[in-house]
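Biologist: I'd like to learn how to read a model like this one. Could you take me through it a feature at a time?

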Amino acid sequence: MNALALQRDGEAWRIDLRGDWSLAALPSIDVELAALPAAMSGSLVCDWSRVEHPGIAPVWALLTRLSELGSERQLAVRHEGNPPH
C-alpha cells in the first residue's frame with residue numbers, strides 16, 4: 001500500500017503520508033508503522049497533504065508509534081499539510 005514514505009532530510013526526518021487512512025486501511029498501515037526504524041532522533045515532519053479519509057484509529061496508531069520511537073531518544077515531531085484535528 002505504501003501509506004507512508006520515510007526520508008532523511010539532512011539532519012532531520014520526513015514522513016510523507018498518503019492514500020487511504022481509514023479504518024479499513026489500518027492493518028496495512030500498522031505493518032508500515034512497525035517497520036519504522038527505532039534509531040530515529042532529532043526532528044521529524046509528518047506531511048498529511050496527500051492523505052485521504054484520515055480515521056481516528058490509523059491516526060492514533062501513528063501517534064502511538066511516534067511516541068514509542070521518541071521515548072528512548074529525543075524526537076521532535078511536527079505535523080504539516082492539513083493534519084486531522
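Biologist: What is the relative accessible area of S49, and what do we call that?

Modeller: S49 has a relative accessible area of 46%, so S49 is partly exposed. One caution before we go on: this is a predicted model, where local features need pLDDT of at least 70, side-chain atom pairs count only at pLDDT 80 or more, and totals for chains, interfaces and linings use all residues. Also, residues are numbered from 1 along each chain as its sequence is written, and side-chain values use heavy atoms, with hydrogens and water left out.

Biologist: Where does S49 lie, and which residues is S49 in contact with, leaving aside its neighbours within four places in sequence?

Modeller: Strands (E, at least two residues) and helices (H or I, at least four) are DSSP runs, numbered from the N terminus. S49 belongs to strand 3. Contact means heavy atoms within 4.5 Å. Once neighbours within four places in sequence are set aside, S49 has E80 and G81 as contacts. L62, by comparison, is 13 residues from S49 in sequence and 15 Å from S49 in space, C-alpha to C-alpha.

Biologist: How about S22: buried or exposed?

Modeller: Buried, because its relative accessible area is 17%. You'll find S22 in the loop between strand 2 and helix 1 (26–34). With neighbours up to four places away left aside, S22 is in contact with E52, H53, G55 and P58.

Biologist: H53 is on that list, so let's stay there. What is the phi of H53?

Modeller: About 55°, a positive value, although H53 is not a glycine. H53 sits in the loop between strand 3 (42–52) and helix 2 (56–72). Its relative accessibility is 57%, so H53 counts as exposed. N82 is another non-glycine with a positive phi, of about 65°. The segment after strand 4 is where N82 is placed, and at 67% relative accessibility N82 counts as exposed.

Biologist: Stepping back, which elements does the chain run through from the N terminus on?

Modeller: The run is β-β-α-β-α-β, which gives two helices and four strands. A radius of gyration over C-alpha atoms can be compared with the globule rule, 2.2 Å times the number of residues to the power 0.38. Here the radius is 12 Å, close to the 12 Å that the rule gives for 85 residues, so the chain is as compact as a globular protein of that length. Its C-alpha atoms fill a box of roughly 30 × 25 × 20 Å along the principal axes. Of the 85 residues, 40% count as buried. And of the contacts between residues at least 6 apart in sequence, 76% join residues at least 24 apart.

Biologist: In what order do the strands form the sheet?

Modeller: Two strands pair if DSSP finds at least two bridges between them. The four strands make an open sheet in the order 1-2-3-4, with mixed pairing. Strand 1 (4–9) and strand 4 (75–80) stand at the edges with a single partner each, so one side of each has no neighbour in the sheet. For angles, axes are lines fitted to C-alpha atoms (for helices, over the stretch in contact), and angles run from 0 to 180 degrees between N-to-C directions. With direction ignored, neighbouring strands of this sheet are turned by 20° against each other on average.

Biologist: How many bridges join strand 1 to strand 2?

Modeller: Six, and the two strands run antiparallel, with strand 2 covering residues 12–20. In strand 2, L17 is the bridge partner of L4, and D16 is that of A5. The two strands form a hairpin with two residues between them, and G10 in the turn has a positive phi of about 70°.

Biologist: Which residues does L6 touch, not counting those up to four places away in sequence?

Modeller: W13, R14, I15, L36, P37, M40 and L44. L6 lies in strand 1, and at 29% relative accessibility L6 counts as partly exposed. E80 is 74 residues away from L6 in sequence and 15 Å away in space, C-alpha to C-alpha.

Biologist: What sits over the ring of W13?

Modeller: A charge sits over a ring if NZ of Lys or CZ of Arg is within 6 Å of the ring centre and within 35 degrees of the ring normal. For W13 that is the charged end of R8, 4.4 Å from the centre of the ring.

Conventions: Buried < 20%, exposed > 50% of the residue type's maximum accessible area, 1.4 Å probe, protein only.
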